[in-house]
2 protein chains.
Amino acid sequence: MHHHSSPNIEQEIGLLLRHNNLSITDSRKKILQLFFAQEGALAHGDIEKKAGEKFDRVTIYRTLQTFVDKGIIHTIPTADNSIRYALCKDACTEGHHHDHHIHFVCNQCQHTFCLDDVVTPEIKLPKGYNATHVEVVVEGVCKNCTA
Amino acid sequence: MHHHSSPNIEQEIGLLLRHNNLSITDSRKKILQLFFAQEGALAHGDIEKKAGEKFDRVTIYRTLQTFVDKGIIHTIPTADNSIRYALCKDACTEGHHHDHHIHFVCNQCQHTFCLDDVVTPEIKLPKGYNATHVEVVVEGVCKNCTA
DNA sequence: TAATAAAAAGCAACAATGTTGCAAAGTGGT
DNA sequence: ACCACTTTGCAACATTGTTGCTTTTTATTA
């Protein structure tokens, strides 16, 4: 399980923000904590539910956007109009995401996971098409629900 | 270009609806015409723009939902909260979609295409994960824009 | 530590998108 | 032409996302 509640998560979060030239604010810390405490991806709505009493909706929108811009989190496409966000584990930088792993959506628990060890395959495209990014989303039953 | 305006499109649409046990109505015909006249996928918003003066927004929502349920169209996930829809070319039936092709989103013209000849690859998942469906969305520059 | 400039958060108002119940209109079958 | 059933349009509402502006917070300097 990835649920560290180690005392230096706080520190780690501070460093992460500082490395990205972001000032350290309550909302940024709180939202990053949610991501660190979570195995899987979060939608805006999830964050609003978990942190919404403390923070304005607008702040959450803007914070997520900032994190995406800085390469701290990445988006995961969905077919239900609720973009998911997850921490970038590869070396992403401002304006350059390098997430080559696939994503898994569980039909049972509805959670979305980054399978960091499964890289996106090469796709052979017809003539004239040039790929810059390949996104793979696999649906099915996850490890926790298979049991 | 795929813009047939052949006289039997109308017939084809009628048959398609009848085969799916759907009554033939103006909005269903119009929306199917848009899909047939279009190389690429459509979002709800696109359809609303092109047919919105004639039909209520609610009707468009309900019609798209009906078509998805019947296996006439399928959804394409996106990371911008605007689900795209495209005609199913494989043999989809009510409750059973069999679209194994990949999707391509052009960064230049912003259109989304079904590459019907490119099948989704096998993905090897970690132990415990079971796949029921694999969705591949490739981003890049399409045939028309490469020129 | 206090003062300050810059950045972020909060607020309010708004825009866009999606949903529901119900009455009116249209469809297919007799 | 009639009838049962389905679909549409309307209205009202809920949810989600955006924008401008004021207040608060942050990081930095003295």
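## Two copies, one axis

Let's start with how the two protein chains relate. Turn chain B by 180°, shift it 0.0 Å along the axis, and it lies on chain A with an RMSD of 0.0 Å. That is the relation of a two-fold axis. Both copies use the same surface, too: 100% of the contact residues of chain B recur in chain A. Keep in mind that this is a predicted model.

## Where the chains meet

The contact between the chains involves 33 residues of chain B and 33 residues of chain A. On the chain B side, the elements giving two or more residues are the strands β4 (101-106), β5 (112-119) and β6 (130-141), plus helix α5 (143-146). Strand β6(B) provides the largest share, with 12 residues.

What sort of residues are these? On the side of chain B that touches chain A, 19 are nonpolar, 10 are polar and four are charged.

## A helix pair in chain B

Have a look at helices α2 (residues 26-36) and α4 (residues 57-70) of chain B. Their axes come within 10 Å and cross at roughly 70°, so α2(B) and α4(B) are roughly perpendicular to each other. From α2(B), the contact is made by S27(B), R28(B) and I31(B); from α4(B), T59(B), I60(B) and T63(B) take part. Sorted by class, that contact has three polar, two nonpolar and one charged residues.

Chain A averages a pLDDT of 91, and 94% of its residues score at least 70. Among the elements of chain A, confidence is highest in helix α4 (residues 57-70), at a mean of 98, and lowest in helix α5 (residues 143-146), at 93. Residues 1-5 of chain A are another story: the pLDDT there is below 50, and this stretch has three contacts in the model beyond near neighbours in sequence.

How values were computed:
Residues are numbered from 1 along each chain as its sequence is written. Chains are lettered from A and ligands numbered from 1 in the order in which they are written. This is a predicted model: local features need pLDDT of at least 70, side-chain atom pairs count only at pLDDT 80 or more; totals for chains, interfaces and linings use all residues. pLDDT is the predictor's confidence in each residue, from 0 to 100. Helices (H or I, at least four residues) and strands (E, at least two) are DSSP runs, numbered from the N terminus. Two residues are in contact if their C-beta atoms, placed from the backbone, lie within 7 Å. Axes are lines fitted to C-alpha atoms, for helices over the stretch in contact, and angles run from 0 to 180 degrees between N-to-C directions. Angles under 35 degrees count as roughly parallel, over 145 as roughly antiparallel, 65 to 115 as roughly perpendicular and the rest as oblique. Ala, Val, Leu, Ile, Met, Phe, Trp, Tyr, Cys and Pro count as nonpolar, Asp, Glu, Lys and Arg as charged, and the others, Gly among them, as polar. Copies are superposed by least squares on the C-alpha atoms of residues with pLDDT of at least 70 in both.
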